[in-house]
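Subject: Structure handover and findings

Hello,

Here is the structure for your files. My notes follow below it.

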Amino acid sequence: QTLRDEPIWAGSLGIAVGSALLARIAGRISFVILSFYLGERFTSATAVTLILESFYITELLLSPLVGSLSDRMGRRPFLLLSPLLAALAASCMLFATRLFVRPDVHAINFSLILFLLILFISRLIEGASSGMNVPATLGYITDVSAGSERQRARVMTAFEVVTVAGITLATPFGGKISSLMGTRGFFVVIAIYLFVLFLVSVGLKESLPQHEMQQHTSLLASLTVIRHKQIFTFLPAWFSVNALVGSWTTLILIMMAYPVPAADLRHPHQLLYGGFGKIGASLWVGVFALVFLVGMILWTPLLSRMRRTTIMLIGLSGLALMIVALTSLNGLADNPHMLTASVKPLATALIILVIPGMLLLSGFTPVALTQMSALSETLPFQRGAVMGLYSVVLAIGQLLGTIVGGLCVDAAGFYGL
């Protein structure tokens, strides 16, 4: 029996998807802990996001290289190295935040520069880990699902489900860890990454047959496959959606948890800007991430029956509904504690209105991933390169989206977002 005959949750394929889930959980917990730590010490969303999003620099640089190298060397070596680097990054963040518990952020001095430098390098290492994991994992599951549209849709949806599930599970969990343990919560992150390393080393078989490993293709093959017409015409849409998703997922948690009254003074009359506790903010984000997860599961049987572009357009209509509902909700009060009894029914109705929008939007990401996987099958022996390009566009979109989003949040609060 070959890997391509295995059910989705069996054997090596189950390990690949399961380890991706655990890596997402660990990465999100790390992000939440560091977000709260920096958000409590820096008033500027731009300053915080520059540290947090430096992650995407190395992910962007490594993804095309790893995509091409995995076509030569196989997927397994990079899936082993990824959690090891991530554990090292978490260790560095633990060291920096324990050494500088209360850094003086009001004056530039050697201690502040050293503190920021350690965190910056840590996020670069964490980004390198993701730059290895994502194209190698996507290449792995693309190898396994080659030749079957139904299997491809199921496996790619499974990958997107575990991605969102990681956020769903880890955002409130990370908030709880941050409240109880502070930055000592990085010990939990390190333990999860080491467990992922154990799982991959013991249970993951190589998905790429020896005869398919390319010895003479360019290491920058991911940049050359962009000339493929269908890939070139699809990437702008995927870039735009990732820019939006990157800005929202990074900034919403930081923004909601800003302490009052400082938040109300910066941007008054905005319900979603400040006033939520760590656990409260992370729970709200986690609930809506769970709705997104449920939506992807509901979309799964439809992905192979409907045109992919139709599903994407339906998803964007759901996004428009969400934006209208949340923008209306934001103007109801200064913060959650100031919601009056007369407007609470309207607030509840607007929150409920967000749910169908999110359920519609949830079809976009798995069908986009399925689209790239289908395109990769038209380029034999370059599946890893194509999925590496997917990771590059994801990283650029999220990085630029978050930087622009941070500037807009500083300027106009939630309305800027």
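Some ground rules. This is a predicted model, so local features need pLDDT of at least 70 and side-chain atom pairs count only at pLDDT 80 or more, while totals for chains, interfaces and linings use all residues. Residues are numbered from 1 along each chain as its sequence is written, and side-chain values use heavy atoms, with hydrogens and water left out.

Confidence

The mean pLDDT of the protein is 82, and 86% of the residues score at least 70. pLDDT is the predictor's confidence in each residue, from 0 to 100. Treat residues 4-9 separately: pLDDT is below 50 there, yet the stretch has 21 contacts in the model beyond near neighbours in sequence. A contact means heavy atoms within 4.5 Å.

Overall picture

The protein has 15 helices and zero strands. Both are DSSP runs numbered from the N terminus: helices are H or I with at least four residues, strands are E with at least two. Of the 417 residues, 56% are buried. Among contacts with a separation of 6 or more, 85% join residues 24 or more positions apart. The accessible surface is about 16,900 Å², and carbon and sulfur atoms hold 72% of that. Areas come from the Shrake-Rupley method with a 1.4 Å probe; for residues, only the protein chains shown count as cover.

Aromatic pairs

Rings of Phe, Tyr and Trp (its six-membered ring) pair if their centres lie within 6.5 Å; planes under 30 degrees apart count as stacked, over 60 as edge-to-face, and the rest as tilted. By this rule there are five aromatic pairs. One of them is Trp248 with Phe414: the centres are 5.8 Å apart and the planes stand at 80°, so this pair is edge-to-face. Trp248 belongs to helix α9 (residues 229-256) and Phe414 to the segment after α15 (383-412), so the pair ties together parts 166 residues apart in sequence. Phe414 is buried, with a relative accessible area of 3%.

Another pair is Tyr258 with Tyr273. Their ring centres are 5.3 Å apart and their planes at 40°, so the pair is tilted. Tyr258 sits in the loop between α9 and α10 (262-266), and Tyr273 in the loop between α10 and α11 (278-303), so the pair ties together parts 15 residues apart in sequence. Tyr258 is buried too, at 3% relative accessibility. Arg266 lies over the face of Tyr258, 4.6 Å from the ring centre. The rule for a charge over a ring: NZ of Lys or CZ of Arg within 6 Å of the ring centre and within 35 degrees of the ring normal.

Backbone in these loops

Val260 and Pro261 are joined by a cis peptide bond, with omega about 10°. Pro261 is in the loop between α9 and α10. His269 has a positive phi of about 60°, although it is not a glycine. His269 lies in the loop between α10 and α11 and is exposed, at 55% relative accessible area.

Ser129 is found in helix α5 (residues 110-145) and is buried, at 5%. Ser122 is also in helix α5. Ser122 has a relative accessible area of 0%, which is buried. Leaving aside neighbours within four places in sequence, Ser122 is in contact with Ala89, Cys92 and Met93.

Ile57 is in helix α3 (residues 55-73) and is partly exposed, at 34%. Not counting residues up to four places away, Ile57 touches Phe120, Leu124 and Leu399. Ile57 and Leu399 are 342 residues apart along the chain, and their C-alpha atoms are separated by 7.9 Å.

Cysteines

How many disulfides does a search of the whole structure find? It finds zero. The test is a pair of cysteine sulfur atoms within 2.5 Å. Cys92 is partly exposed, at 23% relative accessible area. Cys408 is partly exposed, at 30%.

Best regards

Notes. Buried means under 20% relative accessible area, exposed over 50%, partly exposed in between (1.4 Å probe, protein chains only).
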